[in-house]
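This report describes selected strands and loop residues of one model. The sequence and structure come first, followed by the notes.

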Amino acid sequence: MGSGCSTPARLAALMLTAVLAACAAARTYVAAEDAPAYARDGYVDPRLALTRVIGAPLAPIVRNLRAPHGRLHGRAGLERFLRDALRPLDIVVIRSRPAATRLLIPGHFTHATVWLGTPAEMRALGAWSLSAVRPYRERLRAGRPVFEAARDAVQLSPMREITDVDEIVILRPRPGGRGWARAKYAGLFAAIGRPFDYNFDWTDKARLTCAELVAGVFPEFELPVRYTQGRYAIVPDDIVRAATVPGSRLRIVRYVAPTAGDGFSASGGEAVLKLLSRPRDDAT
């Protein structure tokens, strides 16, 4: 009787184990200017070289892993609370235990998305008529208000992508008017279909991670580039940290976490500050 696991799958599992072991050895990150001299000189770190080789074969395995539900899954009233709290173009940063980000990018939070709002809200902002948006109107009407770089590519996703998680932070950009909003929607929808970067390599401009998507569409957040695990990357924790900087164009609206039983709590930014990781050069 066969084991039910093909040779390619076994090899992929072995490669995945090797990657996990390598990544477990170092969980820190530094400012880009503090990267090793060889990296600043343009040499590729062996860890990045490895993930560039095995990233494509591992992608379908990571994508199809059966993950447990997040701790907020099924919490009574959560979806209604979020729909009431969210505004178009809010940034929703989440923590989810089974996340590919955790293999290569340190930090508490693991994923970043953009809340598009309802079709009516997009019409009010002048975004519904954009040529980049029109091909996706049916998907939006069908309930895909979450914009993210995940799995295979940049895509529209259902609300469960931000509710079947462990923790949620709602961040709100400083409003810039209809022209600003239209430009943000145009930038987002122009990225649909861009491949997801399983290497989490900021220097790869053909592919995007979730944090790179946010950084590209919202350059005013001035998100820093870090060096970690042999690669330059944007860390999801830094998106949340940007909202704590005086004069920032981003602010923390709510931090949502599970409570005992079937409930959840919604608090301000003070609770979030205690959770954020810090680059090694800032550590005390």
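Which residues of β6 are buried on one side, and which on the other?

## Strand β6

Glu 167, Val 169, Leu 171 and Pro 173 are buried on one side of β6, and Ile 168, Ile 170 and Arg 172 are buried on the other. Buried here means under 20% relative accessible area, with exposed over 50% and partly exposed in between (1.4 Å probe, protein chains only). Strands and helices are DSSP runs numbered from the N terminus (helices H or I, at least four residues; strands E, at least two).

## Basis of the model

The model is predicted: local features need pLDDT of at least 70 and side-chain atom pairs count only at pLDDT 80 or more, while totals for chains, interfaces and linings use all residues. Residues are numbered from 1 along each chain as its sequence is written, and side-chain values use heavy atoms, with hydrogens and water left out.

## Partners of β6

Two strands pair if DSSP finds at least two bridges between them. Strand β2 (residues 91-95) runs antiparallel to β6 and is joined to it by 5 bridges; Val 93 has Val 169 in β6 as its bridge partner. Strand β9 (residues 250-258) is also antiparallel to β6, with 6 bridges between them. Here Pro 173 is bridged to Leu 250 of β9.

## Asp 90

Asp 90 sits in the loop between α4 (78-85) and β2. Its relative accessible area is 1%, so Asp 90 is buried. Leaving aside residues up to four places away in sequence, Asp 90 touches Ala 85, Thr 113, Val 114, Trp 115, Ile 170, Leu 171, Arg 172 and Pro 173, where contact means heavy atoms within 4.5 Å.

## The sheet β1-β7-β8

An open sheet of 3 strands has the order β1-β7-β8 and antiparallel pairing. β1 (30-31) and β8 (231-233) are at the edges with a single partner strand each, so one side of each lacks a neighbour in the sheet. Between β7 (residues 226-228) and β8 there are 3 bridges, and Arg 226 has Ala 233 in β8 as its bridge partner.

## Positive phi in two loops

Gln 229, in the loop between β7 and β8, has a positive phi of about 50° although it is not a glycine. With a relative accessible area of 4%, Gln 229 is buried.

Phe 200, in the loop between α9 (177-190) and α10 (210-217), has a positive phi near 50° and is likewise a residue other than glycine. Phe 200 counts as buried at 5% relative accessibility.
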